[in-house]
Amino acid sequence: MAELVFYSGTMDSGKSTLALQLDHNHRARGRVGRIYSSHDRAGEAVLSSRLGLATPAIEVSERLDFWRDVVGELTTGGRVDYLVCDEAQFYTSAQVDQLAKVADELSIDVYCFGILTDFRTRLFPGSLRLVELADRVLTLQVEALCWCGARATHNARTTDGEMVTEGEVIVVGDVDDPDRPAPQIGYEVLCRRHHRKRMTAARAKAGALSPDVLPFD
Ligand SMILES: Nc1ncnc2c1ncn2[C@@H]1O[C@H](COP(=O)(O)OP(=O)(O)O)[C@@H](O)[C@H]1O
Ligand SMILES: Cc1cn([C@H]2C[C@H](O)[C@@H](COP(=O)(O)O)O2)c(=O)[nH]c1=O
């Protein structure tokens, strides 16, 4: 029986890398996959990983109907054994329903990858529906870490290193690189404790340098 699987983790936890590995392993055994992504940092119609690998993908806009897309491929002589769906948090609830239908009625395995919650700690619509419908929800094993060393569970949006809690839900961006100045808008993964306290790495560092602040912990 085909499955709908949701691999979830914070930003920078290796989801796209796993998506590319999974596709590679299936293709190496002669299976034919169809790859989708949405708002990838590297641009439109691509699935890219921070490890440098990338592959062409079908861009998932709000208008894309997965059921019609896959049925269209099959009825024009194509073969589809599995779907790889990256950045699935950005999919609509209806699109996730279509993916479940593809798994159930066409017996095609569907592997989805995405972050659970946005910068305000709210579930993305696509992730919410995946949690509701997936046969399995799997957390990535490579743990992204908060600056304090604890497992990072939340995605913070930052402006010049300071956490922000208001703004558009979708803003494509990357996690800050400690070796280069923080971009105006970036992301940082934090443990819940530090997300609650809006304590980014930059703030923690500034606090540690100031003689006047009370100890944080
Ligand atoms: N220079 C590097 N050397 C080893 N691993 C790296 C390097 N850069 C990134 N990574 C790994 O890649 C992961 C991010 O992979 P990626 O697939 O882009 O994440 P996601 O799709 O979850 O945002 C990091 O958590 C880290 O494990
Ligand atoms: C938290 C959060 C993230 N995003 C964007 C930022 C990135 O472009 C992607 C996540 O990609 P990754 O491969 O998992 O790093 O999502 C957003 O638009 N809104 C948010 O709240």
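By class, the shell around ligand 1 holds two nonpolar, six polar and three charged residues. In this sorting, Ala, Val, Leu, Ile, Met, Phe, Trp, Tyr, Cys and Pro count as nonpolar, Asp, Glu, Lys and Arg as charged, and the others, Gly among them, as polar. The shell consists of T10, M11, D12, S13, G14, K15, S16, T17, S49, R50 and L51, where being near a molecule takes a heavy atom within 4 Å of it.

Before going further, some ground rules. This is a predicted model, in which local features need pLDDT of at least 70 and side-chain atom pairs count only at pLDDT 80 or more, while totals for chains, interfaces and linings use all residues. Residues are numbered from 1 along each chain as its sequence is written, chains are lettered from A and ligands numbered from 1 in the order in which they are written, and side-chain values use heavy atoms, with hydrogens and water left out.

D12 brings a backbone N or O atom to 2.5 Å from an oxygen atom of ligand 1, and S13 has a backbone N or O atom 3.0 Å from an oxygen of the ligand. T17 uses its side chain, with an N or O atom 2.6 Å from an oxygen atom of ligand 1. On its own, ligand 1 exposes 580 Å², and the protein buries 62% of that. Accessible areas come from the Shrake-Rupley method with a 1.4 Å probe, and for residues only the protein chains shown count as cover.

Now ligand 2. How much of the area that ligand 2 exposes when taken alone does the protein bury? First the contacts: backbone N or O atoms of F119 and of V171 each lie 2.8 Å from an oxygen atom of ligand 2, and a polar backbone atom of G173 is 3.1 Å from an oxygen of ligand 2. Taken alone, ligand 2 exposes 490 Å², of which the protein buries 99%. There are 20 residues around ligand 2, and K15, R50, F119, V169 and V171 come nearest. The shell divides into ten nonpolar, three polar and seven charged residues. K15 and R50 also belong to the shell of ligand 1.

V171 and G173 bring us to the annotations. An unreviewed UniProt entry lists I170, V171, V172, G173 and Y187 under "binding site". These residues span 18 positions in sequence, yet no two of their C-alpha atoms are more than 12.1 Å apart, so they gather at one spot. UniProt positions are given in the numbering used here, feature names are shortened, and annotations may be inferred rather than shown by experiment.

I170 sits in the loop between β10 (162-164) and β11 (185-190); helices (H or I, at least four residues) and strands (E, at least two) are DSSP runs, numbered from the N terminus. G173 is in the loop between β10 and β11 as well. Buried or partly exposed? I170 is partly exposed at 38% relative accessible area, whereas G173 counts as buried at 18%. The cut-offs are under 20% for buried and over 50% for exposed, with partly exposed in between (1.4 Å probe, protein chains only). Contact means heavy atoms within 4.5 Å. Leaving out residues up to four places away in sequence, I170 touches H39, F90 and R157, and G173 touches M11, R41 and Y187.

The unreviewed entry also lists E87 as "active site". E87 lies in the loop between β6 (82-85) and α3 (93-106) and counts as buried at 12% relative accessibility. Its side chain makes a polar contact of 2.8 Å with the side chain of Q89. Beyond four places in sequence, E87 touches S37, S38, D40 and F113.

Last, A152. A152 is in the loop between β8 (136-139) and β9 (154-159), and is buried at 4%. A152 and T10 are 142 residues apart in sequence, but 7.2 Å apart in space, C-alpha to C-alpha. T10 is also one of the residues around ligand 1, where we began.

Methods
Polar contact = N/O pair within 3.5 Å; in protein donor to acceptor, adjacent residues only side chain to side chain.
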